[in-house]
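These are notes for a colleague who is opening this model for the first time. Please read them with the structure in view.

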Amino acid sequence: LTSSKLQTPRGITIGSTLAQLKEAYKGIEIIPDGRTDANNCAYRVGGAAGYKNINFEVEKGIVKRIKLFIELP
């Protein structure tokens with residue numbers, strides 16, 4: 001998703017701040033892809049089964065992209 005017209009069930013949309021993302025998704029983790037700047041990296045929320053995911057790409061502390069996907073076990 002790259003449109004601010006759509007939002008997650010917890011109200012996060014393109015343009016949300018990192019603080020809003022962390023408040024909406026307590027315990028959200030940085031994806032271990034080598035980036036270490038919390039304001040410029042990706043975050044992942046996994047579903048209860050561990051394979052339904054939402055990735056949030058954050059640039060300069062703002063959500064820029066949201067990816068929804070399912071990893072096949």
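1. Strand S3, residues 52-59, is joined to S4 by 8 bridges, and the two strands run antiparallel; here strands (E, at least two residues) and helices (H or I, at least four) are DSSP runs, numbered from the N terminus, and two strands pair if DSSP finds at least two bridges between them. In the hairpin of S3 and S4, 2 residues lie between the strands, and Lys60 takes a positive phi near 55 degrees.

2. A word on the basis of these notes: the model is predicted, so that local features need pLDDT of at least 70 and side-chain atom pairs count only at pLDDT 80 or more, whereas totals for chains, interfaces and linings use all residues. Residues are numbered from 1 along each chain as its sequence is written, and side-chain values use heavy atoms, with hydrogens and water left out.

3. Strand S3 also pairs with strand S2, residues 41-46, through 6 bridges, and this pair again runs antiparallel; Arg44, for instance, has Asn55 of S3 as its bridge partner. Taken as a whole, 4 strands form an open sheet in the order S1-S2-S3-S4, with antiparallel pairing. The edge strands are S1 (29-30) and S4 (62-70), each of which pairs on one side only.

4. How many of the 8 residues of S3 are buried? The number is 6, so S3 is largely enclosed by the rest of the structure; buried means under 20% relative accessible area, exposed over 50%, and partly exposed in between, with a 1.4 Å probe and protein chains only.

5. Gln7 is exposed, with a relative accessible area of 56%, whereas Thr8 is buried, with a relative accessible area of 7%.

6. Their surroundings can be compared through contacts, which means heavy atoms within 4.5 Å. Leaving aside neighbours within four places in sequence, Gln7 is in contact with Ile12 and Thr13, while Thr8, not counting residues up to four places away, touches Tyr25, Phe56 and Ile66. Gln7 and Tyr43 are 36 residues apart in sequence and 16 Å apart in space, C-alpha to C-alpha.

7. For the chain overall, the secondary structure comes to 1 helix and 4 strands, which follow the pattern α-β-β-β-β along the sequence. The radius of gyration, taken over C-alpha atoms, is 12 Å, which agrees with the value near 11 Å that a compact globule of 73 residues would have; the globule rule is 2.2 Å times the number of residues to the power 0.38. The C-alpha atoms fill a box of roughly 35 × 30 × 20 Å, taken along the principal axes.

8. Buried residues make up 33% of the 73 residues in the protein chain. Among contacts between residues at least 6 apart in sequence, 27% join residues at least 24 apart.
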